[in-house]
Amino acid sequence: MRDIFDGLNSRQREAVEATEGRIRVVAGAGTGKTKALTHRYAYLVNVLGIDPANLLCLTFTNKAAAEMRSRISQMVHSGDYNDFVCTLHGFCVKFLREEIYRIGFPKSFTILDEEDSKAIAKQAMDELGLKRTEKTVKQFLTAIGKEKALPGYIQTYMLPGSIISDEMRRTSRLAGYVSRQMKSYALDFDDLMNVTKYILDHFADASEKWQTRLNYIMVDEAQDCNLDDWDLIERLSAKHRNLFIVGDPDQAIYEWRGARPDLFVNFAADRTIILDENYRSTPRILDVANCVISNNQNRIPKDLFTRKADGRAVIHFHGKKRKGRDGVDSLANPSSAFLGRTPQRHSNPLPQQLPFPRP
Ligand SMILES: Nc1ncnc2c1ncn2[C@@H]1O[C@H](COP(=O)(O)OP(=O)(O)OP(=O)(O)O)[C@@H](O)[C@H]1O
Ligand SMILES: [Mg+2]
């Protein structure tokens, strides 16, 4: 079993040992955010003796969750360590398997994937007399998603005793779609979060149970949380107030799909720890990165540094196409490091004075 403090720098160690209260770790790419978070998990379990069933560790993609579970498994022996190391939607599924009986669904409810949702959309569109090409089906589902973001649809269409008449199905997109879902007690991706929140809102004992159970909550890549995500995380952590968030507003690239890095910046933290030692890149690359991100709005200042040797010169390349390699092959020659552009919506364009030559 590895020592929990093995290979941590002093700031990472501080983050690992800061177990109580609302802790925010602000850290650039490659500064060991995930490392600090996974070691903290092991510290809570191995040193403080917290049961993994009382720890929730969240991230954004299944791939990141799998990576986190694998890193944790190298340090924590408990058989069920990975129960609550998952994505937010993964957590919602676990929550709903226990709680969905409250709204009359069976524990074995179905989860719709994209293809299932499309199939249901097509049936609903037929009934509504709508043309169903690939494009219109996608548009139909986008519209359904928007309607589901508004309050009320669960109460209107999904609770026991809700009646969706033939007339409603023929005239309302949402009624048509949800009535078909209900035939097999199926939830789509949006429902997972919405129904979880509905149950927490309407069943005080469910809310109390989960708030009591989850003594410690940790969130990686918290700059990518949207309003619903923040709302759920804040609610679940309201009782114990042990919420540890790790993120980097300078790496926020998902505002176009609702991410709210500003809520990370304005998070009411009892303590903020900044990780700024980068373990991946050379000083030249970090100089460029620091220069570019210093132009971002809505950020928490930090200055990445590394102990690595100087490395290759950096060149600037502005691709014309949105997709494809677009010249990357020819430019990324062995004598230069390559700086690509990311779709960072809240940043200004590149600064006037670049610390590296244009090609
Ligand atoms: N204190 C340290 N000493 C040496 N190497 C470290 C240290 N902390 C992290 N690293 C190494 O740096 C790399 C990045 O670590 P990690 O994935 O935890 O960073 P991250 O900040 O989460 O990265 P990302 O921005 O990609 O999410 C890994 O190879 C890790 O082993
Ligand atoms: Mg990481």
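Predicted model: local features only at pLDDT ≥ 70, side-chain atom pairs only at ≥ 80, totals over all residues.
Let me start with strand β2, where both faces are covered: Leu55, Cys57 and Thr59 on one side, and Leu56 and Leu58 on the other, are all buried, a residue being buried if 20 or more other C-beta atoms lie within 10 Å of its own, exposed if 12 or fewer, and partly exposed in between, with C-beta atoms placed from the backbone. In a regular strand the side chains alternate between the two faces of the sheet.

Residues are numbered from 1 along each chain as its sequence is written, and chains are lettered from A and ligands numbered from 1 in the order in which they are written.

Which strands does β2 join? There are 4 bridges from β2 to strand β6 (residues 216-219), running parallel, and 3 bridges to strand β3 (residues 85-87), also running parallel; two strands pair if DSSP finds at least two bridges between them. On the β6 side, leucine 55 has tyrosine 216 as its bridge partner, whereas in β3 cysteine 86 stands opposite leucine 58.

These strands belong to an open sheet of 6 strands, in the order β3-β2-β6-β7-β1-β8, with parallel pairing. Its edge strands are β3 and β8 (271-275), each of which pairs on one side only, and the twist from one strand to the next averages 20°. Helix α4 (residues 88-99) packs on this sheet, touching β2 and β3, and its direction makes about 105° with that of β3. Here axes are lines fitted to C-alpha atoms, for helices over the stretch in contact, and angles run from 0 to 180 degrees between N-to-C directions.

Now to a pair of helices. Helix α6 (residues 134-148) and helix α9 (residues 173-183) pack at an angle of about 95°, their axes being 10 Å apart. That makes α6 roughly perpendicular to α9, because angles of 65 to 115 degrees count as roughly perpendicular, those under 35 as roughly parallel, those over 145 as roughly antiparallel, and the rest as oblique. The contact is made by Phe140, Ala143, Ile144 and Glu147 of α6 together with Arg173, Leu174 and Tyr177 of α9, where contact requires C-beta atoms, placed from the backbone, to lie within 7 Å. By class, this contact has 5 nonpolar, no polar and 2 charged residues; Ala, Val, Leu, Ile, Met, Phe, Trp, Tyr, Cys and Pro count as nonpolar, Asp, Glu, Lys and Arg as charged, and the others, Gly among them, as polar.

What surrounds ligand 1? There are 14 residues around ligand 1, the closest being Gly32, Lys33, Thr34, Lys35 and Tyr279, and a residue is near a molecule if its C-beta atom, placed from the backbone, lies within 6 Å of it. Helix α2 (residues 33-47) gives the most to this shell, with 3 residues, and the shell divides into 4 nonpolar, 7 polar and 3 charged residues.

Finally, the whole chain: the protein chain comes to 15 helices and 10 strands, and 32% of its 359 residues count as buried.

Terms used
Helix = DSSP H or I, 4+ residues; strand = E, 2+ residues; numbered from the N terminus. Contact = placed C-beta atoms within 7 Å.
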